[in-house]
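Subject: Structure handover

Hello,

Here is the structure I promised to pass on. Please open it alongside this email, as the notes below follow it.

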Amino acid sequence: MPNIKSAEKRVRIIEKKTAQNKAVKSRINTFIKKFKTAINNKDIEASQNAYNDVVSLLDKAASDNVIHKNNANRKKAHYAKMLDDLKKETQN
């Protein structure tokens, strides 16, 4: 435990920010699961809507430094490829 008053405050702030970041990451993972479920069900419209939600959340998290911007971009590219593959698969 910190002995200095300012250090005690920093501990409280870090705990609060950690909880906020954890909530954001949990929400992202929930939307990713919805997207992957829509992909597995081969529902293009639901997949597109879920993809838009995931991209929005990833961009917001990256801008708030919850996740690294390269991490967000890598995930967006991966999910875009999944969506594109689904579209190509259903066209054939």
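Which side chains meet in a salt bridge at 3.5 Å, N to O? They are those of Lys 88 and Asp 84. Please bear in mind throughout that this is a predicted model.

Salt bridges

Lys 88 and Asp 84 share helix 3. They sit four residues apart, about one turn of the helix.

Two others are worth a look here.

One of them joins Lys 42 to Glu 89, with the closest N and O atoms 2.9 Å apart. This pair links distant parts of the chain. Lys 42 is in the loop between helix 1 (5-40) and helix 2 (44-63). Glu 89 is in helix 3 (residues 69-91). Lys 42 has a relative accessible area of 46%, so it is partly exposed. Glu 89, with 44%, is partly exposed as well.

Another joins Asp 59 to Lys 76. Here the closest N and O atoms are 2.6 Å apart. Again the pair links distant parts of the chain: Asp 59 lies in helix 2 and Lys 76 in helix 3, 17 residues apart.

Are these two partners buried or exposed? Asp 59 is partly exposed, at 34% relative accessibility. Lys 76 counts as buried because its relative accessibility is 18%, and the cut-off for buried is under 20%.

Nonpolar core

Now to the inside. How many residues does the largest nonpolar core have? It has 19. Those with the most contacts inside this core are Ile 28, Phe 35, Tyr 51, Val 54, Leu 58, Ile 67 and Tyr 79. Helix 1, helix 2 and helix 3 each supply at least two of the core residues. The largest share comes from helix 2, with eight residues.

Take Phe 35 as a place to start on screen. What does Phe 35 touch, leaving out residues up to four places away in sequence? Its contacts are Ser 47, Ala 50, Tyr 51, Val 54, Tyr 79, Met 82 and Leu 83. Tyr 51, Val 54 and Tyr 79 are also among the core residues with the most contacts.

Best wishes

Notes
Residues are numbered from 1 along each chain as its sequence is written. This is a predicted model: local features need pLDDT of at least 70, side-chain atom pairs count only at pLDDT 80 or more; totals for chains, interfaces and linings use all residues. Side-chain values use heavy atoms; hydrogens and water are left out. A salt bridge is a side-chain nitrogen of Lys or Arg within 4 Å of a carboxyl oxygen of Asp or Glu. Buried means under 20% relative accessible area, exposed over 50%, partly exposed in between (1.4 Å probe, protein chains only). A nonpolar core is a set of buried Ala, Val, Leu, Ile, Met, Phe, Trp, Tyr and Cys residues joined through side-chain atoms within 4.5 Å. Contact means heavy atoms within 4.5 Å.
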